[in-house]
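Me: I have a model open and want to go through its contacts. Can you take my questions as they come?

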Amino acid sequence: MLEDIAPKAVIDIPDIGLYQRFNRPPLVVRVDAFGQPITIITAHLKSKRAFFLRDESGNLLEDMDDPNIRVRAKLRSLCMRAAEAASIRMSIIERLRHTREPLILLGDMNDVTGSVTTQLMAETGEVNYDKGMRDVALFDAARIQARYGWMKDVAYTHIYQGMPEVIDQLFVSEEFLPDSKFSLGQVERVDYFNDHLKWDYADRVIDHGIIRAKIKLND
């Protein structure tokens, strides 16, 4: 479990101070899949919901209707999410650098795949400029799946302010890229179970969709 924010990822949150511990600590497990060890990291980053200051009893100390205060409260949330993402990224680099053991990152990232905070953890785009980054970069399982074509238009895991979006994601390391010389397997398909998100809010068992990836190890 990662409880403390990595020292180099600690930042000063406006009006709060240093953000040094995860609100929801990521779990880190190492599993044995048919003899192949795989590290799995779960994440549930700070939401985009505005973080307003409260006293010890939970009473608001700020005017939620003031648009300028609302912006500052959203800035706090963004800073928290960024610190968490950066800390997870540093842990990923430590576990992937110069190794051939695959890693999977999954969970509720509370922002879309291409967002700054999500890409802070994955750094997928850096591979376009430096192929050596493949060693520590992560890749969106939904985009590299063998059956990507017929899934791309139905993917969403959450409805935010009336708009469907994918904020629950699953990333894999280079070892699950079929074109990698270090490939140990590939992502065959990624499925999204989200029909319940169309129900009335009061009837939903959960307000997130479920994402499932089928990964096949090489023979």
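Me: Which side chains meet in a salt bridge at 3.8 Å, N to O?

Reply: Those of Lys 48 and Asp 111. A salt bridge here is a side-chain nitrogen of Lys or Arg within 4 Å of a carboxyl oxygen of Asp or Glu. This is a predicted model, with local features needing pLDDT of at least 70 and side-chain atom pairs counting only at pLDDT 80 or more, while totals for chains, interfaces and linings use all residues. Residues are numbered from 1 along each chain as its sequence is written, and side-chain values use heavy atoms, with hydrogens and water left out.

Me: Where do Lys 48 and Asp 111 sit in the chain?

Reply: Lys 48 is in the loop between β4 and α1, and Asp 111 is in the loop between β5 and α2, 63 residues apart. Helices (H or I, at least four residues) and strands (E, at least two) are DSSP runs, numbered from the N terminus.

Me: Is Asp 111 buried or exposed?

Reply: Asp 111 is buried, at 14% relative accessible area, whereas Lys 48 is partly exposed at 23%. Buried means under 20% relative accessible area, exposed over 50%, and partly exposed in between, using a 1.4 Å probe and protein chains only.

Me: What does Arg 81 touch?

Reply: Leaving out residues up to four places away in sequence, Arg 81 touches Leu 45, Lys 46, Ser 47, Lys 48, Met 109, Asn 110, Asp 111 and Thr 117. Contact means heavy atoms within 4.5 Å. Arg 81 belongs to helix α1 and is buried at 3% relative accessibility.

Me: Which backbone oxygen does the Arg 81 side chain reach?

Reply: That of Ser 47, at 3.3 Å. It falls under polar contacts: a pair of N or O atoms within 3.5 Å, where within protein one must be able to donate a hydrogen and the other to accept it, and residues adjacent in sequence count only if both atoms are side-chain atoms.

Me: Back to Asn 110. What is its phi near?

Reply: Phi of Asn 110 is near 55°, a positive value in a residue other than glycine. Most residues other than glycine have a negative phi. Asn 110 is in the loop between β5 and α2 (116–122) and is buried at 11% relative accessibility. His 98 also has a positive phi, near 60°, but His 98 is exposed at 71%.

Me: Switching to the core. Which residues touch the most other members of the largest one?

Reply: Ile 88, Ile 92, Leu 103, Leu 105, Met 121 and Leu 138, out of 31 residues. α1 gives the most to this core, with 8 residues. A nonpolar core is a set of buried Ala, Val, Leu, Ile, Met, Phe, Trp, Tyr and Cys residues joined through side-chain atoms within 4.5 Å.

Me: And what is Ile 92 in contact with?

Reply: Setting aside neighbours within four places in sequence, Ile 92 contacts Ile 41, Leu 103, Leu 105, Met 121, Val 136 and Leu 138. A second, separate core of 12 residues includes Ala 33, Ile 40, Ile 104 and Phe 176.

Me: How many salt bridges does a search of the whole structure find?

Reply: 17. One of them pairs Arg 212 with Asp 191, the closest N and O atoms being 3.0 Å apart. Arg 212 is in strand β11 and Asp 191 in strand β10, so the pair ties together parts 21 residues apart in sequence.

Me: Which residue makes a polar contact with the side chain of Tyr 19?

Reply: Glu 84, through its side chain, at 2.6 Å. Tyr 19 lies in strand β2 and is buried at 11% relative accessibility.
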